Amino acid sequence: MGAAAAASDCPNPNALGTSRTIAVDPNEHHRLGSFQYRETLPLNDHEVVITFDDGPLSPTTNHILDTLAQECVKATFFMVGRMARTFPHLVKRVYAEGHTIGNHSQNHPFSFARMTVDQASREIEDGFTSIRTALGEPSGVTRFFRIPGLLRQAPVENYLASRGYMTWSVDFMADDWTRISASEVVRRALNRLEARGRGILLLHDIQPATVLGLPTLLQELKARGYRIVHVVQADPDHPKTATLPEQWMARTATRTIQDGHWPLIDVASLTFPAPVLRAPDTRNFGISDASGTYEFGVARADQLRGGDRDIRLPPMSIWRNSVRIVGLPFAEELPAPDASNFRYAHVWKTRPMVARRSTPKARTTASTAAPIPTPVSAPKSVPPSALPASAPKNNNVGPQPPRPPRPVGHQLQLPKPTTTLGG
């Protein structure tokens with residue numbers, strides 16, 4: 001189905017729709033998805049391929065299909081064999097509504113990375129058999145396969161390639177299999193798509209959060225100018241889409257990445273004519289070149305002296321020697337790291353200040369302001385009654401008042417305000 005057909009068949013004029021359909025040959029490209037492989041689908045900028053894993057399941061897959069039908073969007077469903085046998089009517093509905101069907105193994109084990117090739121082959125082949133049996137149309141199931149949990153290993157990938165199967169990974173995910181809300185699923189999907197600009201999106205049609213968030217996600221894709229691409233297997237009815245080898249090469253992200261990475265910016269050509277900012281050249285400071293060599297031949301007034309303090313500026317701040325710095329006229333905003341770039345275990349908060357209580361001291365009089373030391377020549381056997389009445393008492397003898405607990409954790413010590421503040 002081409003772009004024109006998709007637009008004309010959609011009853012909803014405001015729908016996102018399916019922009020185009022591409023047919024790929026599994027024998028020419030065995031592994032797809034930049035998350036793990038060097039190749040991915042030959043998509044243009046702002047093009048998205050939506051895929052669903054782990055189904056079918058009632059009623060969630062039904063709701064997913066209703067939303068896709070409302071928006072006239074075609075997707076790829078990687079089904080689990082035993083799920084297909086349990087819900088064959090959903091397999092038939094997916095096929096009848098024009099979506100692509102792939103295999104996600106028979107039982108979805110999380111051990112593909114350590115299985116033997118014989119064990120993995122049984123999971124793979126049994127999955128294809130179950131899905132084809134549930135559909136009742138063997139040709140309706142593609143040779144597309146996605147490894148459960150993306151737990152790849154080279155021997156299994158080699159087996160898949162030898163059988164003419166295309167192994168699908170992903171370009172970005174929405175983490176909808178974790179315990180996050182529907183709005184968070186949408187947020188992560190959009191942020192990661194904005195970072196890449198195109199790619200294969202992984203979702204799960206068995207997750208309630210995906211069911212709730214999918215309508216909003218599709219509306220946001222349309223509002224942001226993204227287009228949906230449907231992928232089918234090349235056959236006599238779907239000739240292979242003509243592409244260039246470099247279109248299959250996985251590209252790295254060139255936009256602001258929100259999940260754990262710093263923003264990246266494009267480098268402008270230094271020959272760009274405008275706009276130009278004036279900046280001081282090193283010659284203004286008596287430096288002949290960028291190496292820092294001091295230029296002794298310049299006028300005395302242009303040299304910096306160690307005793308210089310205040311240097312009177314000319315009426316207009318114009319540098320006699322200047323260089324041209326190229327700006328970016330199209331950059332309305334400068335990239336800056338967001339809080340989501342940093343993964344904090346917890347948000348640090350300033351604790352309130354805790355005042356320490358000290359043991360109250362008795363008031364001192366003029367006669368007791370300074371303690372009278374014991375004379376050096378006094379004998380050791382002098383009884384306490386013989387000491388002066390003004391001798392200080394030992395405060396450490398007897399019960400002491402309990403001290404308050406010492407504050408723990410991060411304590412922010414703020415400086416005391418000065419008396420000149422605000423004066």
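My entries follow, one topic at a time.

**Ground rules.** I am working on a predicted model, where local features need pLDDT of at least 70, side-chain atom pairs count only at pLDDT 80 or more, and totals for chains, interfaces and linings use all residues. Numbering runs from 1 along each chain as its sequence is written, and side-chain values use heavy atoms, with hydrogens and water left out.

**Strand β3.** I began with β3 (47-53); helices (H or I, at least four residues) and strands (E, at least two) are DSSP runs, numbered from the N terminus. How many of its residues are buried? I got seven of seven, where buried means under 20% relative accessible area, exposed over 50% and partly exposed in between, with a 1.4 Å probe and protein chains only. In a regular strand, side chains alternate between the two faces of the sheet. In β3, Glu47, Val49, Thr51 and Asp53 point one way, while Val48, Ile50 and Phe52 point the other, and all are buried.

Then I looked up the neighbours, counting two strands as paired if DSSP finds at least two bridges between them. β3 runs parallel to β9 (199-204), with six bridges joining them, and Ile50 sits opposite Leu201 there. With β4 the pairing is also parallel, over three bridges, and Asp53 has Phe78 opposite. The parallel pairing with β10 (227-233) has two bridges; Glu47 has Arg227 as its bridge partner in β10.

Most residues other than glycine have a negative phi, and most peptide bonds are trans, so I went looking for exceptions. His46 counts as buried at 16% relative accessibility. Ser105 also has a positive phi, near 85°. It lies in the loop between β5 and α5 and is buried at 0% relative accessible area.

For cis peptides, I noted the bond joining Gly55 and Pro56, with omega about 0°. Another cis bond runs from Ser58 to Pro59, omega near 5°. Pro56 is in the loop between β3 and α2, and Pro59 lies in the loop between β3 and α2 as well.

**Disulfide.** Taking a disulfide as a pair of cysteine sulfur atoms within 2.5 Å, I counted one. It joins Cys10 to Cys72, S to S 1.9 Å. The S-S torsion is about 85°, so I logged the disulfide as right-handed. Cys10 is in the loop between α1 (3-9) and β1 (20-24), and Cys72 in the loop between α2 (60-71) and β4 (76-79), so the pair ties together parts 62 residues apart in sequence. Cys10 and Cys72 are both buried.

**Aromatic rings.** My rule: rings of Phe, Tyr and Trp (its six-membered ring) pair if their centres lie within 6.5 Å; planes under 30 degrees apart are stacked, over 60 edge-to-face, and the rest tilted. That gave five aromatic pairs. Phe112 and Phe145 have centres 6.2 Å apart and planes at 40°, so this pair is tilted. Phe112 is in the loop between β5 (100-103) and α5 (117-135) and Phe145 in strand β6 (144-145), 33 residues apart. Phe112 has a relative accessible area of 0%, and Phe145 is likewise at 0%.

What class is the pair of Phe128 and Tyr165? Stacked, I found, at 4.6 Å centre to centre and 25° between the planes. Phe128 belongs to helix α5 and Tyr165 to the loop between α6 (154-162) and β7 (166-168), so the pair ties together parts 37 residues apart in sequence. Phe128 is buried at 0% and Tyr165 at 4%.

**Cavity.** I defined a cavity on a 1 Å grid over the protein atoms alone, as a set of points where a 1.4 Å probe fits but cannot get out; lining residues have an atom within 4 Å of a point. Searching the whole structure turned up one cavity of 30 Å³ or more. I listed Val185, Leu203, Thr210, Gly213, Leu214 and Leu217 as the lining. Helix α8 (208-223) gives the most to that lining, with four residues.

Key
1 Å grid on protein atoms, 1.4 Å probe; cavity = no way out; pocket = protein on both sides within 12 Å on 5 of 7 lines; lining within 4 Å. Points joined across faces, edges and corners; volume = space filled by probe spheres on them.
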